[in-house]
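Me: I would like to go through the labels used for this model and see what each one rests on. Please set each value against its cut-off.

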Amino acid sequence: MNINLTLIGQAISFAIFVWFCMKYVWPPITSALDQRKKTISDGLSAAELGQQALEKAKIEVDSKISEAKSEAKNIVSMAEKRQGDILDEANVKAAEETSKKLKLAEQEVEQLAMRLKESLKKDVSKLVVEGAEMILKKEIDKQVHDKAIKDLVTKI
Amino acid sequence: MAAGAQTGSEYIKHHLTNWTFGKDPSDGVWKIAETAQQAQEMGFYAIHLDSMGWSVALGFIFILLFSFVGKKATTGVPGGLQNSIEIIIEFIDTNVKDTFSHTNKLIAPMALTAFVWVLLMNLMDLVPVDFIPQIATFIGVNFYDMDPHHVYFKIVPTTDPNVTMGMSLSVFFLALFYSVKNKGVGGFVGELTLHPFTSKNFLIKLILIPINLFLEGVSLLAKPISHGLRLFGNLYAGEMIFILIALLPLYAQWTLSVPWAIFHILVIVLQAFIFMVLMVVYMNMAHDTGDH
């Protein structure tokens with residue numbers, strides 16, 4: 001337990017170690033700590049901002065969705081209306097067309113009937129004439145009978 | 001106990017003697033002291049090679065480890081080593097910020113150095129008392145032809161008052177320097193002479209100056225002494241008890257040395273911490289101006 005030069009040696013080495021620590025140990029580690037602290041706080045605030053943005057976006061999405069829904073409803077109702085219109089129009093057109101066709105058909109039928117009547121008239125008159133000729137050939141004077149037939153033909 | 005022919009008291013005395021290199025007063029030659037008596041006679045012109053060697057080696061371990069971590073320090077996720085170093089740094093940093101209310105870039109690194117270095121030096125106390133000294137004796141006897149009784153080797157630097165006082169006196173002189181720097185010579189002298197007793201009467205004030213100077217002087221000088229001797233005393237006592245336990249028969253030693261070592265872990269950390277905190281407190285006092 002002698003006090004000697006060790007005291008001074010220890011003081012010198014203490015000074016050297018403190019100087020070294022101040023120069024090469026303390027600054028890099030504390031700066032790393034500070035930087036990490038900053039990074040963490042930045043990250044936290046960024047996360048908070050992100051959260052806020054997310055909430056905003058959610059609200060926006062909700063409003064957009066409801067807008068879209070109402071628009072879709074509009075479109076559907078418009079389409080329904082349009083469908084009704086188209087159907088009505090088609091109905092009207094179809095009715096017109098059918099009536100037109102009906103008229104045409106009627107006319108055709110009438111014409112056909114006329115033609116038939118005509119041809120029938122002709123045929124019948126022919127037949128009558130032939131029949132009468134056959135009868136008359138046998139017994140009746142041609143002139144008298146011709147007069148009678150003429151009368152008949154005019155009657156028909 | 002591996003003392004051989006030594007008696008108990010010789011064993012203890014041998015363990016409490018440093019490996020001393022100094023100037024022999026009888027012939028003025030610098031040499032290694034062969035006996036405790038000779039080491040005593042060398043007086044101030046001697047150096048404890050074991051204390052110095054271990055303290056410098058441990059200081060280098062501290063510096064190399066911490067600067068290694070500092071060089072590779074990442075701001076991202078720290079690894080295990082960096083994490084533990086950072087815990088120590090932050091512990092010191094909060095302590096310094098709590099006690100030291102001024103700005104001085106020196107204080108925190110100094111506190112860190114003192115804490116870790118003293119902690120490492122104290123930790124040497126947990127190495128079994130005979131372990132390294134026996135190796136030293138073996139080397140001394142076999143390679144240097146020394147008398148085994150003349151190989152002195154103490155491995156705990158903080159059980160050497162030179163080491164603890166060397167640090168506490170450094171702090172003391174640094175505190176004096178900062179006191180004068182921050183308060184001026186007048187302010188510092190005023191602090192020493194005009195308190196604690198003061199008077200409005202100029203004559204009484206003059207009479208009170210020596211009393212104040214005595215009181216303040218004692219408290220000023222008591223600081224570094226108590227600062228250094230507190231650390232020394234605690235570790236010396238701990239070392240002493242380990243040595244006493246080592247005198248027991250081999251089979252019985254663990255019953256005492258294990259509990260004492262476990263308790264001593266607390267002492268080691270606590271004393272390093274106290275040493276660091278007192279250092280910061282003294283430095284803070286040296287920076288305090290305007291309170292008086």
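Me: Which helix holds A:Ile65?
Reply: A:Ile65 sits in helix H1 of chain A, residues 6-139. Helices here are DSSP runs of H or I with at least four residues, strands are runs of E with at least two, and both are numbered from the N terminus. The model is a predicted one, in which local features need pLDDT of at least 70, side-chain atom pairs count only at pLDDT 80 or more, and totals for chains, interfaces and linings use all residues. Residues are numbered from 1 along each chain as its sequence is written, while chains are lettered from A and ligands numbered from 1 in the order in which they are written.

Me: Why is A:Ile65 called exposed?
Reply: A residue is buried if 20 or more other C-beta atoms lie within 10 Å of its own, exposed if 12 or fewer, and partly exposed in between, with C-beta atoms placed from the backbone. A:Ile65 has 10 C-beta neighbours inside 10 Å, so A:Ile65 counts as exposed.

Me: What makes B:Ser9 exposed, and where does B:Ser9 lie?
Reply: B:Ser9 belongs to helix H1 (residues 8-15) of chain B. B:Ser9 has 9 other C-beta atoms within 10 Å and is therefore exposed. B:Leu247 is 238 residues away along the chain, with a C-alpha separation of 9.7 Å from B:Ser9.

Me: Why does B:Val267 get the label partly exposed?
Reply: B:Val267 has 16 other C-beta atoms within 10 Å, so the label is partly exposed. B:Val267 is part of helix H9 of chain B. From B:Val267 to B:Asn122 the C-alpha distance is 8.9 Å, across 145 residues of sequence. Not counting residues up to four places away in sequence, B:Val267 touches B:Asn234 and B:Gly238; two residues are in contact if their C-beta atoms, placed from the backbone, lie within 7 Å.

Me: What is chain B made of, and in which order do the elements run?
Reply: Chain B has nine helices and three strands. From the N terminus on, the order is α-β-β-α-β-α-α-α-α-α-α-α. Of the 292 residues in chain B, 35% are buried. The C-alpha atoms of chain B fill a box of roughly 70 × 60 × 40 Å along the principal axes.

Me: Which residues touch the most other members of the largest nonpolar core?
Reply: A nonpolar core is a set of buried Ala, Val, Leu, Ile, Met, Phe, Trp, Tyr and Cys residues joined through C-beta atoms within 7 Å. The largest one has 65 residues, and those touching the most other members are B:Ala111, B:Leu112, B:Ala114, B:Phe115, B:Trp117, B:Val118 and B:Met279. Elements that each supply at least two residues of this core include H1 of chain A and, in chain B, strand S3 (46-48) and helix H5 (107-123). H5(B) gives the most, with 13 residues. Leaving aside neighbours within four places in sequence, B:Met279 is in contact with B:Met110, B:Ala111, B:Ala114 and B:Val171.

Me: How do you know that H5(B) is largely enclosed?
Reply: Of the 17 residues of H5(B), 16 are buried, so the rest of the structure largely encloses this helix.

Me: What span should H5(B) have?
Reply: The expected span of a helix is 1.5 Å times one less than its number of residues. For the 17 residues of H5(B) that gives 24 Å, and the end C-alpha atoms are 24 Å apart, which agrees.

Me: Why are H4(B) and H5(B) called oblique?
Reply: Axes are lines fitted to C-alpha atoms, for helices over the stretch in contact, and angles run from 0 to 180 degrees between N-to-C directions. Angles under 35 degrees count as roughly parallel, over 145 as roughly antiparallel, 65 to 115 as roughly perpendicular and the rest as oblique. H4(B) and H5(B) pack at about 125°, with axes 10 Å apart; they are therefore oblique to each other.

Me: What makes H7(B) and H8(B) roughly antiparallel?
Reply: H7(B) and H8(B) pack at an angle of about 155°, their axes being 8 Å apart. H7(B) is therefore roughly antiparallel to H8(B). Among the residues making the contact are B:Met165 and B:Phe172 of H7(B) and B:Leu213 and B:Phe232 of H8(B).
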